[in-house]
Amino acid sequence: MRIIGLTGGMAAGKSTVAALFRKAGVPVFDADAAVRTLQEKNGKALPAIENAFPGTVHGGNLNRAALRAAVIGQPERLRVLEQIMHPLVRSERQRFLRTCRARGEAFCVLDIPLLMEIGEDRACDVVVVATAPRSTRLSRIRQRGQGVGKMSVEQAEKLLARQMPDHERRRRADIVIRTGLSRGYAARQVHALLNQLREGA
């Protein structure tokens, strides 16, 4: 089974690329979705989060805005949260890979925002990076940043500043998929990659 690692900065179009892989019949592990499941009502991660960040969990529910406020701009506290979440997400990822192998899948995708930062790119056969111009990314963040509990552009800027620079991701990638042009253009790139892998290129 060939493992395709998929990553990209915030609002770079990674979710769009993941959806294109799914449409092509490739199973995708969504690390963000795994985090949401672990942090849902009475989720596995909540006891440790409440212990580390008192007052962020009420009645078995995580107050995401309070947790975000507790870690934004505070790298040491963000590391504490990552030390809680990463082992739990890793366990879910390993379960996904075991299932794919048992099914005899030819390919699978690991959709992980911090793929390179946590060194998981080394376990992948191919690393794909979704990218878009910074102005496009900020525009996307503004469009989806409305409403209570949503991330502000200022908060997004802080997270963008903490992330690996996009040029470094592109340098380390095997394939770069640009999402700022059109969905059709991105789809053609995904299908070309899958054809290359099928041919053993």
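Tutor: A residue is buried when under 20% of its relative accessible area is left, exposed when over 50%, and partly exposed in between, with a 1.4 Å probe and protein chains only. The model is predicted: local features need pLDDT of at least 70, side-chain atom pairs count only at pLDDT 80 or more, and totals for chains, interfaces and linings use all residues. Residues are numbered from 1 along each chain as its sequence is written, and side-chain values use heavy atoms, with hydrogens and water left out.

Student: Which residues of H9 are buried?

Tutor: Ala186, Ala187, Gln189, Val190, Leu193, Leu194 and Leu197. Helices (H or I, at least four residues) and strands (E, at least two) are DSSP runs, numbered from the N terminus.

Student: What makes the buried residues of H9 line one face of the helix?

Tutor: Seen down the axis of H9, they fall within an arc of 160 degrees, so they line one face. The arc is taken from the directions from the helix axis to the C-beta atoms. Exposed Arg188 and Arg198 sit on the face turned away from the buried side.

Student: What covers the buried residues of H9?

Tutor: The cover includes strands E1 (2–7), E5 (107–111), E6 (126–131) and E7 (175–178), and helix H1 (14–23). Contact means heavy atoms within 4.5 Å.

Student: How many bridges join E2 to E5?

Tutor: 3 bridges join these parallel strands. Val28 has Val109 in E5 as its bridge partner.

Student: Why is the pair of Phe29 and Phe96 called tilted?

Tutor: Rings of Phe, Tyr and Trp (its six-membered ring) pair if their centres lie within 6.5 Å; planes under 30 degrees apart count as stacked, over 60 as edge-to-face and the rest as tilted. Phe29 and Phe96 are 5.7 Å centre to centre, with 45 degrees between the planes, so the pair is tilted.

Student: What does the pair tie together?

Tutor: Phe29 lies in strand E2 and Phe96 in helix H5, so the pair ties together parts 67 residues apart in sequence. Phe29 and Phe96 are both buried.

Conventions
Pairing = 2+ DSSP bridges.
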